[in-house]
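Colleague: I have a few things to ask about this model. Can you put it up on the screen?

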Amino acid sequence: MKKEVIVRKPNQLISILPKESISLIQQKSYNVFLRNAQNKVKYTEEEIKEDKRYIFEISCKELEKKAGLNKKNYDYIEVELEKLMSIVIKVVDKENKDNWKLFHLIDEVDRENNMFRYVLNPLIVQALKEQTYFTKLDLLEIAKLDSKYSVILYELAIRYCNKRRPEIKIPKMSIEEFRRKTNTEDKYSAIKDLRKYVLDKACEEISKKTDIKLNYSTEKVGRRIAYINFKTERKELSKKTIETKVIKNVEEYSPQVLELFQLLPSLEQIETNKRELAQLLKGHSLRYLKADIDYAKQAQPDNFMGFLKASCESGHYSSAKLEKQERKEELARQGEEEKQKKQELEKKIKQKAHQKAKEKYEKLSEKEIASYAKGYESLPKMLKEKVSKKEFVLGAVEEEVKQELRELLLLIED
């Protein structure tokens with residue numbers, strides 16, 4: 001069984017930089033497509049030709065199972081595959097940067113009678129056939145991951161892992177190179193956000209759910225964080241070691257277990273299910289388990305806990321909903337950042353305008369002052385007692401300067 005879910009992915013496909021972001025479902029699906037194609041071309045004596053179409057087939061059920069998608073609605077998968085087809089890959093010759101190639105990860109996909117047929121570029125087919133400089137990727141390990149950044153870093157980490165040396169460092173990577181690999185050049189501009197939403201989240205999930213441990217450290221150049229040093233370590237746990245990690249006292253459960261337990265339907269709130277939840281928490285996040293429990297409540301299966309465990313093993317039935325929620329939160333965060341930037345900019349404009357208004361007032365002629373003071377005499381007596389003529393003129397000049405500064409910023413942005 002284990003042999004059937006190993007894909008030898010060309011290292012060049014791990015290293016290349018897509019010109020667009022690749023989603024989690026696209027990453028998992030593509031790895032299964034590669035494994036399926038590799039089985040077809042591995043032992044063939046046929047020469048790979050650039051002008052030939054290389055067509056492969058895989059059943060919808062097999063793709064769903066091996067990619068951990070669990071998407072019964074194949075229309076959703078169709079949308080993801082359509083996006084995957086549009087992604088352009090650029091491979092640059094390391095020795096001569098002027099030499100490069102552009103191609104699509106998938107040239108064509110169609111579905112008929114619960115089968116997917118897809119066409120791969122001959123360059124990819126040739127790499128699969130030659131099997132040189134390959135990295136073994138366990139599809140079942142990848143299927144456990146819920147973040148696209150986790151999949152990217154898992155593939156990168158496995159590339160530099162060696163069974164003879166369980167600990168090995170990935171070559172030092174600059175922040176700019178890391179952003180290119182993860183398509184975060186226009187996201188998480190602050191290093192603390194890059195750590196929180198990409199690095200920390202991915203390393204934690206990989207270390208918790210897969211066969212390796214991944215951590216990192218950063219390196220500064222001057223006062224700026226310039227490099228990331230990753231370190232990987234393969235887990236060498238036997239079945240006996242894993243089995244010894246059972247809960248010794250059934251009465252002692254973490255707050256997270258008890259929180260999940262309270263979310264179960266009343267009929268499912270029995271002592272043995274606390275143990276089941278504690279085991280699930282070892283490999284899955286609290287957030288996803290809460291979402292899966294809510295999903296199971298709506299589905300109302302005959303075997304509630306069996307349904308919940310199947311959801312976890314299949315990549316979480318609630319993943320689409322959570323991805324949308326995460327996207328919503330991300331947009332809200334970006335909106336809040338934009339709002340804060342506008343507020344800070346407006347504050348600076350106000351301070352600058354106030355200063356320039358004072359300077360400009362000192363240079364105004366009596367005629368110009370009179371022009372700015374139009375309307376002052378028509379103010380109610382009560383307002384005149386609170387605001388002097390000079391203050392009125394200064395306010396008018398300040399508003400004029402503010403508008404000039406705003407218009408200047410708009411010209412700069414254009």
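Colleague: Start with E346. Is E346 buried, partly exposed or exposed?

Modeller: Partly exposed, because its relative accessibility is 32%. Keep in mind that this is a predicted model.

Colleague: Which residue forms a salt bridge with E346?

Modeller: R406 does, and the closest N and O atoms are 2.5 Å apart.

Colleague: How many salt bridges does the structure hold?

Modeller: There are 18 salt bridges. One of them joins the side chains of K309 and E276, at 3.5 Å from N to O. That pair links distant parts of the chain, with K309 in helix α14 and E276 in helix α12, residues 271-283. The two residues are 33 residues apart.

Colleague: How accessible is K309?

Modeller: K309 has 29% relative accessibility, so K309 counts as partly exposed. E276 is partly exposed too, with a relative accessible area of 28%.

Colleague: Back to α18. Which side chain meets E399 in a salt bridge?

Modeller: K402, at 3.4 Å from N to O. Both residues lie in helix α18, 3 residues apart, which is about one turn of the helix.

Colleague: Is K402 buried or exposed?

Modeller: Buried, because its relative accessible area is 9% and the cut-off for buried is under 20%. E399 is partly exposed, with a relative accessible area of 45%.

Colleague: Other strands, then. How many bridges join β11 to β12?

Modeller: 10 bridges, between β11 at residues 212-221 and β12 at residues 224-234. Those strands run antiparallel. V221 has R224 as its bridge partner in β12.

Colleague: What about the turn: which residue takes a positive phi in that hairpin?

Modeller: G222, with phi near 75°. The hairpin has 2 residues between the strands.

Colleague: Changing topic to the rings. How many aromatic pairs are there?

Modeller: The structure holds 7 aromatic pairs. In one of them, Y295 and F307 have ring centres 6.3 Å apart and planes at 15°, so the pair is stacked. This pair links distant parts of the chain: Y295 is in helix α13 (residues 286-299) and F307 is in helix α14 (residues 304-313), 12 residues apart.

Colleague: Is Y295 buried, partly exposed or exposed?

Modeller: Partly exposed, with a relative accessible area of 37%.

Colleague: And which residues form the aromatic cluster?

Modeller: F33, F56 and Y118 form one aromatic cluster.

Colleague: Surface next. Which residues form a nonpolar patch?

Modeller: L408, L411 and I412, with about 340 Å² of accessible area together. L411 is found in helix α18, residues 389-413. L411 counts as exposed because its relative accessibility is 63%, and the cut-off for exposed is over 50%.

Colleague: Last one, V32. Where is V32 found?

Modeller: In helix α2, residues 24-41. V32 counts as buried, at 2% relative accessibility.

Colleague: What separation do the C-alpha atoms of V32 and E64 have?

Modeller: They are separated by 9.5 Å, and the two residues are 32 residues apart along the chain.

Note on methods:
Residues numbered from 1 in each chain as written. Predicted model: local features only at pLDDT ≥ 70, side-chain atom pairs only at ≥ 80, totals over all residues. Heavy atoms only, no water. Pairing = 2+ DSSP bridges. Helix = DSSP H or I, 4+ residues; strand = E, 2+ residues; numbered from the N terminus. Patch = residues over 30% accessible without salt bridge, like charges linked within 9 Å, V, L, I, M, F, W, Y side chains within 5 Å. Areas by Shrake-Rupley, 256 points an atom, 1.4 Å probe, with all protein chains shown as cover. Salt bridge = Lys/Arg side-chain N within 4 Å of Asp/Glu carboxyl O. Buried < 20%, exposed > 50% of the residue type's maximum accessible area, 1.4 Å probe, protein only. Phe/Tyr/Trp six-rings, centres within 6.5 Å; stacked < 30°, edge-to-face > 60°.
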